[in-house]
Amino acid sequence: MNDSRFYHCSDAVFISWASNFINLIKEEQAKFSVFSVYFTPERIAEIEVLFNEANNIPSDKVYIDIQAEATAAVNSCVEKCAKFFQACKFDIEMVFANKKHIWNQFGFNDYEEARKSGRNMFMFYSDFLLIANLHKEALLKGAWKEETYLKIADYKDSLKIYMDQQTKCRVDRSRAADERVVSLNKLYEMLSMYQKAAKIIYIDNEEMLKWFKFPVTVNGKKEEAEVPLVEAEKDLD
C-alpha cells in the first residue's frame, strides 16, 4: 500500500465505498446542515466532482494490461531481430571464413546475452549496424545487398519505437496512480468531516454510525467495509 494514501485500503475499495457514502450523506443532508453551516449542498457537489475525477482515472489494472501488450510487442520484435541476425550469420561466416575475431566483432559472442531484453538487443543491433558498415565493401561484394543494411536499420528503429512505447506505459501508469491518490486523498479529507460530525449527530444511533466507518485493511487482507456494502444499500432503501 502506498504510504501517501490517507485511506487504509485499496483505491478500488475506497472508490466503491465512497460512492455509497456520498449517496448516504445526500440522503442525510438535512441533519448535517442543521448541525453546521459547513455542510451545504454545494459541499456535496464539490465532493461529487472529486469523486468523478478519481473515478475517471483508469485503474492500475488497465495500465497493467496496456503495459503487458507493449512488453509483448518488444519481446516479439526482439525475437524477429534474433532470427534476422541468425540469417545474417551465414553470409558473415562465408565472407569472413574462419576469421572468428571478425565474427565476434559482429556480436557472435554477445548474441545470447542480447536476446535477454529489448535494451540488450537494441544495443546489440546498434553495434551490429556499426560493424556491418565498417565491413560494407566486403559484404556487398561477397553476399549482401543494400537492402540488408536497410533491414538492419529498420529492425533497430522498430525496436526503439516499441521500447519507447513500453516506457511511456510505465510513466503513464505511475502518473495516473499519483493523480488518483491525490484526488482520493482530497475526497477522504472532505468525507472525514462528515464522519466526524456523524459521530455527534448519531451518537445514540449505533445502527446509523456503522455506515460512517471508513473501509480498512485487516490482517493484510483488503476488506470492503466493516459492514457489507450490498447490505448497506438494501437497508437504506
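What percentage of the 237 residues of the protein count as buried? In this predicted model, the share of residues that count as buried is 40%. The secondary structure consists of eleven helices and two strands. Along the sequence, these elements are arranged in the pattern α-α-α-α-α-α-α-α-α-α-β-β-α. Among the contacts in the protein with a separation of 6 or more, 72% are accounted for by residues 24 or more positions apart.

The packing of two helices was then examined. Two packed helices are described by the angle between their axes and the distance between the axes. For helix H4 (residues 60–95) and helix H9 (residues 146–201), the angle is about 165 degrees and the axes lie 9 Å apart. H4 is therefore roughly antiparallel to H9, since angles over 145 degrees are placed in that class. The crossing of H4 and H9 is left-handed. The residues of the contact of H4 with H9 comprise 18 nonpolar, six polar and seven charged.

The cysteines were considered next. For Cys81, the closest cysteine sulfur is that of Cys77, at 4.3 Å from the sulfur of Cys81. This distance is too far for a bond, because a disulfide requires a pair of cysteine sulfur atoms within 2.5 Å. With regard to accessibility, Cys81 counts as buried because its relative accessibility is 0%. Cys88 has a relative accessible area of 4% and is therefore buried as well, the cut-off being under 20%.

Note on methods. Residues are numbered from 1 along each chain as its sequence is written. This is a predicted model: local features need pLDDT of at least 70, side-chain atom pairs count only at pLDDT 80 or more; totals for chains, interfaces and linings use all residues. Side-chain values use heavy atoms; hydrogens and water are left out. Axes are lines fitted to C-alpha atoms, for helices over the stretch in contact, and angles run from 0 to 180 degrees between N-to-C directions. Helices (H or I, at least four residues) and strands (E, at least two) are DSSP runs, numbered from the N terminus. Angles under 35 degrees count as roughly parallel, over 145 as roughly antiparallel, 65 to 115 as roughly perpendicular and the rest as oblique. A crossing is left-handed if the near helix is turned anticlockwise from the far one by less than a right angle, and right-handed if clockwise. Ala, Val, Leu, Ile, Met, Phe, Trp, Tyr, Cys and Pro count as nonpolar, Asp, Glu, Lys and Arg as charged, and the others, Gly among them, as polar. Buried means under 20% relative accessible area, exposed over 50%, partly exposed in between (1.4 Å probe, protein chains only). Contact means heavy atoms within 4.5 Å.
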